[in-house]
Amino acid sequence: MMNVKGRYKMEESNSKIDRRTFLKRSAQATVAAGVIAATSNPIIAKGAANEDASGYIGSIIDLTKCDGCPNYDTPLCVTACNTKNSSRFPQPEGEIKDYWPRKKHEDWSKEQARTDRLTPYNWTFVEQVEVEHEGIIEKVSVPRRCMHCIDAPCQKLCPFGVIGKTEQGAVKIDEDFCMGGGKCHSVCPWDIPQRQAGVGLYMKLAPDLAGGGVMYKCDMCTDLLAKGESPACQTACPTGAVEFGPVDKMRKLAYEKASQINGYVYGDRENGGTLTFYVSKVPYDKINEAIVKSKEKDLDPRPSGRPEMKPDVENMLDTAHGFMLAALVAPIAGAATAGITAYKVLKGKKGGEEAVDEIQEG
């Protein structure tokens, strides 16, 4: 994401910014960001090579330890995640309109208690499958949430430029300015981000004409990591199946654990590399086959919130199609990011909806 904070100075910090001023300054930001994006965007300049992940936080999810919390109605990591993030869950008001011009929308607001898949109200869940391996039927519990990719297609291909990386490497959606276009969902090989219609910035800008809502997913409890604390899922796990730490340490430990059980690691190579490393004694192609077979019974027409686990899944940014998309999106996303950043600076980093309220009053 483009940082253009230094290009703007607040001349009248205590006065309201009218619509004309906002558009004028956003246009200036657009020109500057478009030039910068076209010349310095890492995808355009040198292809979709992975960024340096040193200094990031990674995690291990040990499937030999996870048992899905059989003595509880809901796995404890899921409960902890929901409790920790409930204040951020979307709460649409009134009738939810379709995504113009399409005749549909995604609404989970009446199913906020669902924990059997990812939703805008449930950012982690535990997939449970049975897999035959070496003549034995293994019951495998697989906690699923955002993989936090090192070279994240969702970040690079978001047309609004509202997905960024935290200092810890977590891939984070700016919920205040997300327009719910859903590109992050379509380019993610695991379909992680989930959309809730009837909320977000587009409700203030053009509720009858455009927009889709807001996309939601795990952000690795970045607020806790910033304070040196553990994410909620790790703290709640009773078996020690979830562990966070420096990514290089987590990667090394994952392979050591896999070596000890003649097992397998998932997440190091998938999608060009992620900050999440699964350890399993069962091959992931077999786990994936079981997930796919189980999903065949799911008749819900909404996008699936049950990620598959295909080994060696390709990163779209490494394809010709992905490269072209990135080249097209970069100037637009850079401009959008610049406009948002400019407005945040001018308004003291107020939230998106509050900012639009003031624009509309101008």
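In the predicted model, the largest nonpolar core holds 50 residues, of which Tyr278 and Ile287 touch the most other members. Such a core is a set of buried Ala, Val, Leu, Ile, Met, Phe, Trp, Tyr and Cys residues joined through side-chain atoms within 4.5 Å; buried means under 20% relative accessible area, exposed over 50% and partly exposed in between (1.4 Å probe, protein chains only). Two or more residues each are given to this core by strands S2 (125-133), S3 (136-144), S5 (171-173) and S7 (214-216) and by helices H4 (153-157), H5 (183-187) and H10 (284-295). H10 provides the largest share, four residues. Helices (H or I, at least four residues) and strands (E, at least two) are DSSP runs, numbered from the N terminus.

Beyond its neighbours within four places in sequence, Ile287 is in contact (heavy atoms within 4.5 Å) with Leu63, Val129, Val131, Val140, Val142, Ser280, Val282 and Met309. Another core, of 25 residues, lies apart from the largest one and includes Tyr56, Cys77, Val126 and Ala241.

No disulfide (a pair of cysteine sulfur atoms within 2.5 Å) was found in a search of the whole structure. Cys146 is buried, at 7% relative accessible area, and its sulfur is 5.8 Å from the closest cysteine sulfur, in Cys218, which is too far for a bond. Cys158 is likewise buried, at 7% relative accessibility; the closest cysteine sulfur to its own, in Cys184, is 6.7 Å away, too far for a bond.

Residues are numbered from 1 along each chain as its sequence is written. Local features need pLDDT of at least 70 and side-chain atom pairs count only at pLDDT 80 or more, while totals for chains, interfaces and linings use all residues, and side-chain values use heavy atoms, with hydrogens and water left out.
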